[in-house]
Amino acid sequence: QGLPVPDWDAVMEWTSEIRDAAERDRAWGEIEVAWLVHLRAALGSHYRLVRRGSAIVLSSLEGAEAVAAAQFMNAAQQQIVKVLDGVAQMPEGAGHDILLVLDDEETYYDYVARYYPEDGEFAFSGGMFISHGCGHFVTRKAKELKDIEPTIVHELTHGSLAHLPIPLWLNEGLAVNTEERLSPGQTQRHTAKQRDAMHRKFWNAETIQEFWTGHSYARPDDGNLLSYDLGRLLVRHLSADWAHFASFANAAQAADGGDAAARAQLGVDLGELVKALFEVDDASQNWSPQPALWRGREVATDTGQLNR
């Protein structure tokens, strides 16, 4: 797409040879800035870099808006760690919190296309956390800054959970709930009653296995929307007792969809919980995570894994 992308593997190999930790961190930070300077030049002269604290925003936002976005990122990062106490943590390393706000849908998809497979159908995306190499967040420009604040919170939450090998449904469920808590007032496409009817129609013993592996989040149909909503519902139900939930979140493994941790830390069968939510009475159907059925399919811990 004509955009500069460093060989991050080579960068990591080179910086790893710098013995002094402070010097190594400084070098990494300067490499990030150098890359963003090249990216700004490729995107156009109307783009500008704004840096405040650990946040860097590359966008065509007006000066005051760009500064406000960077300041919002710094404040949101602190709030996320506080809200998700004992689960989220400040991202490790000396890298910056980098946000790319691209002008339009075409530019956005040109940029993120590198992180998608060459073939296949994929759900629409309004924002993405790119974990490859230099972790950064990408979104599209909106009419007002407040319109992209939910995406900023959502993607920063993913960055704050990157140290945990949790299943995608848990990662996204935490991100959606945190987004709603710190950036409330978003309009929903469907009423709660409509969403409930859609859930009851879509989920069954087969499709729920896609949810536990994370692959339903990449569906181009209603499965994408419903996956985000089901993750939100599960986290909301499971986190009523935060201390026990935090223990679960820290023990959950993507390899089994969080099944063992849910049983050990919460005394909950995840499949039975979903069946209860949607009033599925058929005892013969096993909705619990079944890793034996997933052989040959990669289990995802973040949407970036689905998009590479």
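Hi everyone, let's start where two helices touch: Ala-76, Gln-79, Ile-80 and Val-83 of helix H3 meet Thr-178, Arg-181 and Leu-182 of helix H6. A contact here means heavy atoms within 4.5 Å, and helices are DSSP runs (H or I, at least four residues; strands are E, at least two), numbered from the N terminus. By class, this contact of H3 with H6 has four nonpolar, two polar and one charged residues. For the classes, Ala, Val, Leu, Ile, Met, Phe, Trp, Tyr, Cys and Pro count as nonpolar, Asp, Glu, Lys and Arg as charged, and the others, including Gly, as polar.

Before I go on, a word about the model. It is predicted, with local features needing pLDDT of at least 70 and side-chain atom pairs counting only at pLDDT 80 or more, while totals for chains, interfaces and linings use all residues. Residues are numbered from 1 along each chain as its sequence is written, and side-chain values use heavy atoms, leaving out hydrogens and water.

Back to our pair. H3 covers residues 63-83 and H6 covers residues 168-182; their axes come within 11 Å and cross at roughly 115°. An axis is a line fitted to C-alpha atoms, for helices over the stretch in contact, and angles between N-to-C directions run from 0 to 180 degrees.

H3 has another partner, helix H5, at residues 145-160. The two pack at an angle of about 40°, with their axes 10 Å apart. That makes H3 oblique to H5: under 35 degrees counts as roughly parallel, over 145 as roughly antiparallel, 65 to 115 as roughly perpendicular, and the rest as oblique. From H3, the contact uses Glu-65, Ala-68, Ala-69, Phe-72, Met-73, Ala-76, Gln-77 and Ile-80, and from H5 it uses Leu-145, Glu-149, Ile-152, Val-153, Leu-156, Thr-157 and Ser-160. Sorted by class, that is ten nonpolar, three polar and two charged residues.

Now for a pair earlier in the chain. How do helices H1 and H2 cross? H1 (residues 8-16) and H2 (residues 21-43) have axes that come within 10 Å and cross at roughly 155°, which means H1 is roughly antiparallel to H2. On the H1 side we find Trp-8, Val-11, Met-12, Trp-14, Thr-15 and Ser-16, and they meet Arg-24, Ala-27, Trp-28, Ile-31 and Trp-35 of H2. This contact has eight nonpolar, two polar and one charged residues.

Let's look inside. In soluble globular proteins, nonpolar side chains tend to be buried together. In this model the largest nonpolar core has 59 residues, and those with the most contacts inside it are Trp-169, Leu-170, Leu-174, Trp-203, Phe-211, Trp-212 and Phe-248. Which helix gives the most to this core? Our friend H3, with nine residues. A core here is a set of buried Ala, Val, Leu, Ile, Met, Phe, Trp, Tyr and Cys residues joined through side-chain atoms within 4.5 Å. Buried means under 20% relative accessible area, exposed over 50%, and partly exposed in between, with a 1.4 Å probe and protein chains only.

Take Trp-169 as an example. Not counting residues up to four places away in sequence, Trp-169 touches Phe-211, Trp-212, Tyr-217, Gly-231, Leu-234, Val-235, Leu-238, Phe-248, Gly-257 and Leu-270. There is also a second, separate core of 21 residues, and Leu-43, Tyr-47, Tyr-108 and Met-128 are among them.

To finish, a short tour of single residues. Is Arg-232 buried or exposed? Arg-232 belongs to helix H9 and, at 9% relative accessibility, counts as buried. Beyond its neighbours within four places in sequence, Arg-232 contacts Gly-173, Val-176, Asn-177, Glu-180 and Arg-195.

Arg-195 turns up again beside His-190, which also contacts Met-198 and Leu-225 once neighbours within four places are set aside. His-190 sits in the loop between H6 and helix H7 (192-202) and is partly exposed at 22%.

Gly-214 is in the loop between helix H8 (207-213) and helix H9 (222-238), and it is buried, with a relative accessible area of 0%.

Most residues other than glycine have a negative phi. Glu-279 has a positive one, near 55°, and with a relative accessible area of 56% it is exposed.
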